[in-house]
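Subject: Structure handover

Dear colleague,

Here is the structure we spoke about, for your files. My notes on the model come after it.

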Amino acid sequence: MRLTCPYCGSRDHQEFTYRGDATAVRPALNNTSIDDHNAYIFDRSNPDGVHQELWNHTSGCRTHLVVERNTVTHEVLSCKPVGPFARKLK
Ligand SMILES: [Zn+2]
């Protein structure tokens, strides 16, 4: 599988590190429910079809990316930078 980093171009997926589900929502800090925090940390879905994943280009520019990928066909639909340190694309 190849991912296209918006800054570095098309690269083998081995240059990237999978960082988890990009759709998981962290519970609010004032949420004292241990069940909600446990669910955020440990419960994972295993979707088939289009899904958003968080990846880091660890062997490249180290940018975090949201990768939209079909988990059945491995087709990569988009790779977008995310986070406060993401550089603006020209
Ligand atoms: Zn990169």
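The notes below go from the model as a whole to the sheet, the core and a few single residues.

Provenance and numbering

The model is predicted: local features need pLDDT of at least 70, side-chain atom pairs count only at pLDDT 80 or more, and totals for chains, interfaces and linings use all residues. Residues are numbered from 1 along each chain as its sequence is written.

Confidence

pLDDT is the predictor's confidence in each residue, on a scale from 0 to 100. The chain has a mean pLDDT of 92, and 97% of its residues reach 70 or more. By element, confidence is lowest in helix α1 (residues 34-42), with a mean of 93, and highest in strand β2 (residues 9-12), at 97. Where pLDDT is low, the predicted coordinates should not be read in detail.

Overall layout

Helices (H or I, at least four residues) and strands (E, at least two) are taken as DSSP runs and numbered from the N terminus. In sequence order the pattern is β-β-β-α-β-β-β. The C-alpha trace spans about 45 × 30 × 20 Å along its principal axes. Of the 90 residues, 9% count as buried. A residue is buried if 20 or more other C-beta atoms lie within 10 Å of its own, exposed if 12 or fewer, and partly exposed in between, with C-beta atoms placed from the backbone. Two residues are in contact if their C-beta atoms, again placed from the backbone, lie within 7 Å. Among contacts between residues at least 6 apart in sequence, 48% join residues at least 24 apart.

The sheet

Which strands form the open sheet, and in what order? There are four, in the order β3-β4-β5-β6, and the pairing is antiparallel. The edges are β3 (17-21) and β6 (76-81), each of which pairs on one side only. From one strand to the next the twist averages 30 degrees; axes are lines fitted to C-alpha atoms (for helices over the stretch in contact), and angles run from 0 to 180 degrees between N-to-C directions. Two strands count as paired if DSSP finds at least two bridges between them. In general, strands of a sheet pair through backbone hydrogen bonds, either parallel or antiparallel.

β3 pairs with β4 (residues 50-56) in the antiparallel sense over four bridges. Within that pairing, Asp21 has Glu53 of β4 as its bridge partner, and Gly20 stands opposite Leu54. Seven bridges join β4 to β5, also in the antiparallel sense; in this pair His51 stands opposite Arg69 of β5.

The core

The largest nonpolar core has five residues, namely Leu3, Phe16, Trp55, Leu65 and Val67. A nonpolar core here is a set of buried Ala, Val, Leu, Ile, Met, Phe, Trp, Tyr and Cys residues joined through C-beta atoms within 7 Å. Leaving aside neighbours within four places in sequence, Trp55 is in contact with Leu3, Phe16, Thr17, Tyr18, Arg19, Leu65 and Val67.

Leu65 is in strand β5. It counts as buried because it has 26 C-beta neighbours inside 10 Å. With neighbours within four places again left aside, the contacts of Leu65 are Cys5, Trp55, His57, Cys79, Lys80, Pro81 and Val82. Leu65 and Ser78 are 13 residues apart along the chain, and their C-alpha atoms are separated by 9.5 Å.

Exposed residues

Tyr18 lies in strand β3. Tyr18 and Val50 are 32 residues apart in sequence and 16 Å apart in space, C-alpha to C-alpha.

Two residues other than glycine are listed here for a positive phi. Arg62 has phi near 65 degrees and sits in the loop between β4 and β5 (64-70). Arg62 counts as exposed, with 11 C-beta neighbours inside 10 Å. His74, in the loop between β5 and β6, also has a positive phi, of about 65 degrees, although it is not a glycine. His74 is exposed, with 10 other C-beta atoms within 10 Å.

Regards
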